[in-house]
Amino acid sequence: MKSSLPWVALAVSLGFVLVAGYRWDDGEERVLVNNKCKCVTVTSKFVPSKDNPEEEVLERNIRIIVPLKSRQNISDPTSPLRTTFVYRMTELCKKCDPVEIELGGETYQAQQSNSCNEPETCYTYNRDKCYTTTFPFVYHGETKQIQAALTPTSCYAE
């Protein structure tokens with residue numbers, strides 16, 4: 001099984017190259033990245049070249065929404081406002097969801113990135129994730145620490 005691992009990595013790499021090199025001709029804009037955690041959308045589409053209208057060039061559009069009231073720790077409403085936002089295309093484009101591939105009659109799971117175990121810094125709430133915080137609650141002169149949901153729709157099943 002260990003000797004098959006390099007082939008799995010090669011197949012995933014080739015699959016990524018083949019998908020990335022695929023050309024579509026319908027003139028549609030394609031979403032390459034939609035990272036809700038960092039508020040970034042990357043799209044691409046083929047457009048006529050300005051130099052030679054008979055040729056088409058690939059146009060990429062990067063849309064970044066900077067959340068101005070974002071906190072350094074989004075789960076802590078009392079943390080200082082974030083003043084630095086870092087966007088790396090390699091981090092935005094990484095694919096951490098495992099993909100099943102078949103090699104030599106055996107099925108393997110592989111992923112297209114090797115940095116998936118590192119925590120991602122979010123600049124806004126990922127609506128699919130539950131965020132909570134604790135706050136002091138005073139009732140009849142007694143203070144208790146209460147946990148509250150910052151994204152209630154993600155924390156509680158309907």
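Biologist: Which residues line the second largest pocket?

Modeller: In this predicted model, the second largest pocket is lined by N35, K38, V86, R88, E91, L92, K94, E118, P119, E120, T121 and Y123. Its volume is about 170 Å³.

Biologist: How do the residues of that lining divide into nonpolar, polar and charged?

Modeller: There are four nonpolar, two polar and six charged residues in the lining. Asp, Glu, Lys and Arg count as charged, and K38, R88 and E91 are among the residues listed for this pocket.

Biologist: Let's move to V99. Why is V99 called partly exposed?

Modeller: Buried means under 20% and exposed means over 50%. V99 has a relative accessibility of 35%, so V99 counts as partly exposed. You will find V99 in strand 4, which covers residues 99-103.

Biologist: What does V99 touch, leaving aside residues up to four places away in sequence?

Modeller: V99 touches Y108, Q109 and A110. A contact needs heavy atoms within 4.5 Å. The C-alpha atoms of V99 and A110 are 5.3 Å apart, although eleven residues separate the two in sequence.

Biologist: What makes strand 6 and strand 7 a pair?

Modeller: Two strands pair if there are at least two bridges between them. Eight bridges join strand 6 (residues 132-139) to strand 7 (residues 142-149), and the strands run antiparallel. F135 stands opposite I146 in strand 7. The two strands form a hairpin with two residues between them, and H140 in the turn has a positive phi of about 55°.

Biologist: Where does pLDDT stay under 50?

Modeller: That happens over residues 1-22. The chain averages a pLDDT of 77, and 78% of the residues score at least 70.

How values were computed. Residues are numbered from 1 along each chain as its sequence is written. This is a predicted model: local features need pLDDT of at least 70, side-chain atom pairs count only at pLDDT 80 or more; totals for chains, interfaces and linings use all residues. Side-chain values use heavy atoms; hydrogens and water are left out. Helices (H or I, at least four residues) and strands (E, at least two) are DSSP runs, numbered from the N terminus. Buried means under 20% relative accessible area, exposed over 50%, partly exposed in between (1.4 Å probe, protein chains only). pLDDT is the predictor's confidence in each residue, from 0 to 100. On a 1 Å grid over the protein atoms alone, a cavity is a set of points where a 1.4 Å probe fits but cannot get out, and a pocket is an open set with protein on both sides within 12 Å along at least five of seven lines; lining residues have an atom within 4 Å of a point. Grid points are joined across faces, edges and corners, and a volume is the space filled by probe spheres set on the points.
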